[in-house]
Amino acid sequence: MASGGGAPDAERRRLAEADEGVAPWRRWGPYLSERQWGTVREDYSPDGDAWSYFTHDQARSRAYRWGEDGIAGVSDDKQRLCFALALWNGRDPILKERMFGLTNAEGNHGEDVKDYYFHLDSTPTHSYMKYLYKYPQGEFPYADLVATNRARRERGRKEFEYELLDTGIFDEDRYFDVFVEYAKAGPEDLLVEITAHNRGPDEATLHLLPTLWFRHTWSWAGGTAVPNLRQTEGAVRADHEELGTRRLYFDTDAPVLFTENETNNERIFGSPNATPYVKDGIDRCVVHGETAAVNPELTGTKASVHQVLTIPGGQSATLRLRLTDAELAGPWREFDATMDTRRAEADAFYEGVHPDGTSEDERWLVRQALAGMLWSKQYYFLDVERWLAEHGVDPLGADPRVRNSTWYHMVNDEIMSMPDTWEYPWYAAWDLAFHTLALAMVDLGFAKGQLDLLLRRLYLHPNGQIPAYEWNFGDVNPPVHAWATFFIYELEKHRTGRGDRAFLENSFQKLMKNFTWWLNRKDVDGNNVFQGGFLGLDNIGVFDRSAPLPTGGHLDQADGTAWMALYCQNLLEIAIELAVDNPVYLEQAQTLFEHFAWIAVATNRIGKGNESLWDDEDGFFYDVLRLPDGTATPLKVRSLVGLIPLAATSVVGGWADRRFPELVAGAREFIERHPAVQAVVASQHTMGPGVRGRHLFALFGEDRLRRILARMLDEDEFLGPHGIRSLSRHHAEHPYTFEVNGQTYGVGYLPAESDSGMFGGNSNWRGPVWFPVNILLIRALLNLHAYHGDDFTVECPTGSGRQLTLYEVAREISGRLTSTFLRDEGGHRPVHGAQPKFAKDPHWRDLILFYEYFHGDNGAGLGASHQTGWTGLAAVTATLFHLVGSGDWGALREEPLS
């Protein structure tokens, strides 16, 4: 995505300095999780029940092993020293130190955060950041939220979630808007401004407790020396053997409360404490009046400035702090001017991100989407061998009773992009690939680094598998890493005129190792038809695709096979690009072409009876159930499973014919030598040259393409008002059923939440709109347009009589996706659903939550509410077609510079 022209602005200079190692502008950032409790890393239970082993109720009293959490928090890039905000309204039973939410067992549709917070702004170096938390003035309804949602769950999963707004706690606007802003005066000098607005009609008291603490690293085997916090004049001094000395200055005469970041063993385990000053000491002092719970010597490893504010209705109050590595005589001298400058620089930076032609509302959307992406960068630490040893497992003797026991080689110790800062505070492989597309708009170096990270030796399994996520690193996610790698390469080439070949070459070598793992592990019969289990699409199938089938046998998966076709295509594109500088890659290109050709053959005829994944009667791709007796049955569910083959579409420029005649000759010889391949080529007409001599690699010909698009663009099937649905609306009236041993399995159209507990019940691929697969389809349509050109048109929507080119179809889908977040004619944003507070209140209506998925019929947000991982792709959909014209995508297929 293009940045603004002219001289580089201040933020881009900081990015360049960080990338070149001149100044560590990225060292401090929003790297604190919003939930560390309930994670696999912190789970030392015998049964692997992470949610129950370390609970929200325990979190205030129990030291974490692997990371920390907090509200609007920041830390250094190894999370040694942490800073976050705690609050108390005088009524809550505990300090508000972290976000509250329901566990997977408590929520009506799985885990669900129950606080309202918003990532409003951030630059890529975090030189400026802004965060909003809405804190009720009445007692936070912890028990009501748990009990009411649990009751709804017991009545069945068809009821909506019971949210914090539903409790009435925000009635009469009796809450505080607490804004936290950060600005860097230098790489190690962080200004903090906290402003609390009383939105209610009456005066109200608020306790602000900005908190500084060290991550607990000292009592574990091989731990560090104990660091120290202590009070000095107007500051808290922090001494750490690796970080050195830091000081937190505060512009108030409020007292500072000190304790230790140590577990309250007495409360958690019923055993004596080694010190009277433990992790929940500040909570006990402020909320319960236990003054002996904090250290009168004003020293410890956790400290809070205790500022008590009485704010009149409709008024605000501000507190300033400064965390720095310098001893300052006048910490406030340039504070306000620096804060104003960083705000202005953030504005200037985003002016360079927004392309011409974007509306003010689109710009607001893009900025919030990218702010969410940047606030979702978190420190992730896990040494699996050490974790296994602490579970009593011999790392070299895999124990299937303990998760991830075959991943003992892994050491994760990096800043990573997380799917959701509360619901999914751990990386997920295929999510991460999509994150990089949005991140590349503002920080190309970080985006490429994230793609590289999962391919490094301390992540990638020795057998070549990419780790999925901490709940099971060995799960299988769709192989989209190569797709994202080449997409990022193309975007950089479009932006700068030159792609990063070193990045591409480094990735290619490791991706080939992963590709080989797929070939060896996920093709049961060796016939180039692939399985893979749920493949990220959770409950989309008739059966749980990751469990043994009730029928026996196995599934030949249309999406698993298409994913591998796409993988072949992407690696082929990369190999041809690299061959421009190094002809050695031509051999790999030839091999990849042959792999793709065999997958194309297999997609169209498999098994003893040549059963095909393509159903000619319906004009659609389906999974095929292969039974133990050798018979096969297509599972005729019209879902994204059958649209993924459309995504497996790539184009190679005609220049490759001229540049590499040996590759052309090898491909021709291969086709002629194999009648089955020759038959597929002849029937599909996909190998002939298109616009400007370009070559199309796809699993279908023109006739099948038109039939697939007729279904996909039908508003009574896949084309919803806000994007492509995950399941055809046809199944609302015609659910698919399949009987096995007297039991009926079925799939019906569910545009909102799931009605089953499959995969935890916290997601739904049976109707809602999901951004990542829509982006895959948009890119495929752009590729198809680059091949077919403007002369190829289709009816969109189906039955409308309106003919569009495939570029225009891609733009139409992109516009529908973007409209989810934009104001409609009545000023309402569809993402907000039916919540009147979000629809009408001036302090709510422009705050955008980037949900995990969206209602298939009205666009209301569903699932995880802060999924500014792959839903951050809204920044891409809002800008892509302002940047890429009808001919621009095809131009990327022209001959690269050597």
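Two strands are taken to pair if DSSP finds at least two bridges between them.

Confidence in the prediction can be stated briefly. The mean pLDDT of the chain is 92. A pLDDT of 70 or more is reached by 95% of the residues. Residues 1-7 have a pLDDT below 50. This stretch has 14 contacts in the model beyond near neighbours in sequence. Where pLDDT is low, the predicted coordinates should not be read in detail.

Strand E9 (residues 189-198) runs antiparallel to E18, and nine bridges join the two. Across this pairing, Ala 196 stands opposite Ala 317 in E18. Val 192 likewise stands opposite Leu 321 in E18. Strand E13 (residues 244-250) also pairs with E18 in the antiparallel sense, over four bridges. Here Tyr 249 stands opposite Arg 322 in E18. E18 is mostly covered, with seven of its nine residues buried.

His 126 is found in the loop between E6 and E7. Its phi is positive, about 60°, although His 126 is not a glycine. His 126 has a relative accessible area of 0% and is therefore buried. Asp 173 is placed in the loop between helix H4 (142-155) and E8. Asp 173 also is not a glycine, yet has a positive phi of about 60°. With a relative accessible area of 24%, Asp 173 is partly exposed.Gln 307 lies in strand E17 (residues 307-311). Its relative accessibility is 14%, so Gln 307 counts as buried; the cut-off for a buried residue is under 20%. Neighbours within four places in sequence aside, Gln 307 is in contact with Leu 206, His 207, Leu 208, Thr 252, Ala 254 and Leu 319. Gln 307 is 562 residues from Gly 869 in sequence. In space, the C-alpha atoms of Gln 307 and Gly 869 are 35 Å apart.

A second open sheet has three strands, in the order E21-E24-E25. Its pairing is antiparallel. Strand E21 (554-556) and strand E25 (632-635) stand at the edges. Each has a single partner strand, so one side of each is left without a neighbour in the sheet. The twist averages 30° from one strand to the next. E21 pairs with strand E24 (residues 623-626) in the antiparallel sense over three bridges. In this pair, Leu 555 stands opposite Leu 625 in E24.

Helix H14 comprises residues 558-579. The helix has 22 residues and reaches 31 Å from its first C-alpha to its last. This span is close to the 32 Å expected at 1.5 Å a residue. H14 is mostly covered, and 22 of its 22 residues are buried.

Two packed helices are described by the angle between their axes and the distance between the axes. The axes of helix H10 (residues 429-439) and helix H12 (residues 481-496) come within 9 Å. They cross at roughly 10°. That angle makes H10 roughly parallel to H12. On the H10 side, the residues that meet H12 are Ala 433, Phe 434, Thr 436 and Leu 437. Their counterparts in H12 are His 481, Trp 483, Ala 484, Phe 487 and Ile 488.

A cis peptide bond runs from Cys 796 to Pro 797. Its omega is near -5°. Pro 797 is found in the loop between strand E32 (793-795) and strand E33 (803-805).

Methods
Residues numbered from 1 in each chain as written. Predicted model: local features only at pLDDT ≥ 70, side-chain atom pairs only at ≥ 80, totals over all residues. Heavy atoms only, no water. pLDDT = per-residue confidence, 0-100. Contact = heavy atoms within 4.5 Å. Expected span 1.5 Å × (residues − 1). Buried < 20%, exposed > 50% of the residue type's maximum accessible area, 1.4 Å probe, protein only. Axes fitted to C-alpha atoms, helices over the stretch in contact; angles between N-to-C directions. Parallel < 35°, antiparallel > 145°, perpendicular 65-115°, else oblique.
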